[in-house]
Amino acid sequence: MSCCGAPHDLDEIDQVSGLIARKLAAFLRTLRDSAFAIGLRESQDAAALIAAGYAEKPALLRSAFKHLFSARKTDWDKFDGIFDAFWLHTRVRSRSLTTGSAKAADNPSLKTLRDISQQAGSQPTTDQIPSTDDAADDRSGEGRNEGASRADNLSDTDFRTMAEPQQVEQAHAIAARLAKAMRARLTRRDLARRRGYRLDLRRTIHANISHGGVPIRLVKRRRKPKPLRLVVLLDASGSMSMYTGVFLRFIHGVLDEFREAEAFLFHTRLAHVSDAMKDKDAARALDRLSMLAQGAGGGTKIGESLQTFNRWHASRVIHSRTCVMIVSDGYETGDAALLGREMAQLARRCRRIVWLNPMMGWEGYAPEAAGIKAALPHVDLYAPAHTLNALAALEPYLAKL
Amino acid sequence: MKGRDQIAERLSAAGYIADGELATAISLMQLLRRPLLLEGEAGVGKTEVAKALASLHETELIRLQCYEGLDQSAALYEWNYQRQLLSIQAHRGDDADDIEHLIFSERYLLERPLLAAIRRDKSPVLLIDEVDRADEEFEAFLLELLSDFQVSIPELGTIKATSIPHVVLTSNGTRELSDALRRRCLYHYVAYPEVDREARIIVARVAGAGASLALQIARLVNAIRKEDLRKVPGVAETLDWAAALVGLDVRDLHDAPETVHETLTCLLKTHEDKAKFRPEVTARLLGKVA
């Protein structure tokens, strides 16, 4: 898709000079590198916009392009920065950038990244993670330091071991079994139903054609079964570092095997990692994950992470058939009362919360940490899990939930 | 663009105070013939955009409210089975082909919003509300309809659009929409209005609200939105509250702090939020507004 920009545009618009067309093509490339989904139709429409006089004022063109090219809130928020850096650099940017953007064809991803990091320094890394290797080389001093420290954290928490083929296979097998067991469960609604749903007239008539249209056999509307969605929140803090690898493998399996699943990682803050982990390229997936997992191996703020989850992700991620699985030892370094409140909030949204605690496998362990004490009243299943095998043993309990 | 300023003017004449960018979006809708996808928090006035658009084009508003399990027969068309069955009884003995021809004619077709929207003489505004509540299958079907603007009914043949509707979709983000649908649409994020605009909205919508009171209300609501709340009040709540204050004859918020506090129920819709807003909090915010 990325190659369809320039030549077609040139054919399409003869009203605009070739220079603008080339510039536009370069801009579209820049956007694509920033993860905007832009195809031929968008290119044509962009050209049509310019031809229709929207390029009179920069602010107008920016607003028009913003509506055309954005597809979601994250796009919407970062568009102005990208636009200004590309089109208005003559006034607000240094000359080195000007030449850079004119020859964007050589290595556009570099340029985009640099633009963004200069334009909006506060841009959260969770939103877009272009190929990290390029970025680390070319970033400013501050960025490079960050990158290095991330790499350290990564090796500490041992995310890399998840690439071992045998264990990956095992994790997938367990996740698949779990998916099967949990999928087959009936909802209360199905059990409580006695008289069935509304009459489906269309099907009733069709089914009774052989009786001359006299409705003898009635067909009722059925609810479409909704697949169970599993949302995993994994604690990646220092106290959990022995187990993070195991559960990451499991999450990988879950994302593959469940029809609908989402994964989050948290320590002192929360990161949505589903997209990064679904990456087909295993090496790149790990790279993206390590970007997201910055700060892993430190303390845990479960309450704050849950608050972020409840506020920003819950409404999208949780539906009526969702099971939330929290994997954590419950050693809260933040406010335990906050954790209790947020657990209550979460429990109101979804009826099934599983809390897996690796520490429970230890002899003589009792749930005395303030965090776990605050959370337990809202948990439906509290169980030990410290290896893949222990996880597999949970299958019957999870299936019943 | 001259058209754009006109649009903003005519929107405000229709009672919708738009931000500058929305006017651009609407002018783009006309130019590119693409649907407009509106996202934003609940109660920021997404649905109102479609209503204002309809009055701007002086045309009909056809609304399809999406919900879980919405299917073609509720969204597109349905045969009137009861009438068909009666008709079969009434024409008993006639030639079978004739009967078939009769009962699968337009007379027995029940139009649902989507079909209605493409069969008008004048392009209506089609509002597909809360599209994220519908199932994914329905979204795929919608995508097909929005690109071809034709419907095939097996018994009747293909119905082509006589008018291309102005399509507005809204989403609250209960489910992630597909990339394909997003790419089809122009995107506009509706944010909470800034203080000035909200004040103008209050003046436009609430009869009897003076400019100074409206500004005070807008400022206070803006301050309330910055508090840590479970449910942040939207524009609809602001309007309710303004109407309540006007109804209680409040001219200046500082004159009636107790009334202000008591009527905050219009804005705060959960128990926790209400418990959090003790009179001191209201007084503090009122102090800031001055």
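Reply: What follows is a set of questions and answers about this model, which is a predicted one.

Me: Which residues of helix 10 of chain B are buried, and on which side of the helix do they lie?

Reply: The helix in question runs over residues 195-205 of chain B. The buried residues are Glu198(B), Ala199(B), Ile201(B) and Ile202(B).

Me: Against which helices do the buried residues of helix 10 of chain B pack?

Reply: The partners of these buried residues belong to chain B as well. They are helix 11, at 211-226, and helix 12, at 235-247.

Me: Which element of chain B gives the most residues to the side that touches chain A?

Reply: On this side, 24 residues of chain B are in contact with 24 residues of chain A. The elements of chain B that give two or more residues are helix 2, helix 5, helix 9 and strand 9. The one that gives the most, with 6 residues, is helix 2 of chain B.

Me: Why does Gly334(A) count as partly exposed, and how many C-beta neighbours does it have inside 10 Å?

Reply: Gly334(A) is found in the loop between strand 4 and helix 18 of chain A. A residue is buried if 20 or more other C-beta atoms lie within 10 Å of its own, and exposed if 12 or fewer do. Gly334(A) counts as partly exposed because its number of C-beta neighbours inside 10 Å is 17.

How values were computed: Residues numbered from 1 in each chain as written. Chains lettered and ligands numbered in written order. Predicted model: local features only at pLDDT ≥ 70, side-chain atom pairs only at ≥ 80, totals over all residues. Helix = DSSP H or I, 4+ residues; strand = E, 2+ residues; numbered from the N terminus. Contact = placed C-beta atoms within 7 Å.
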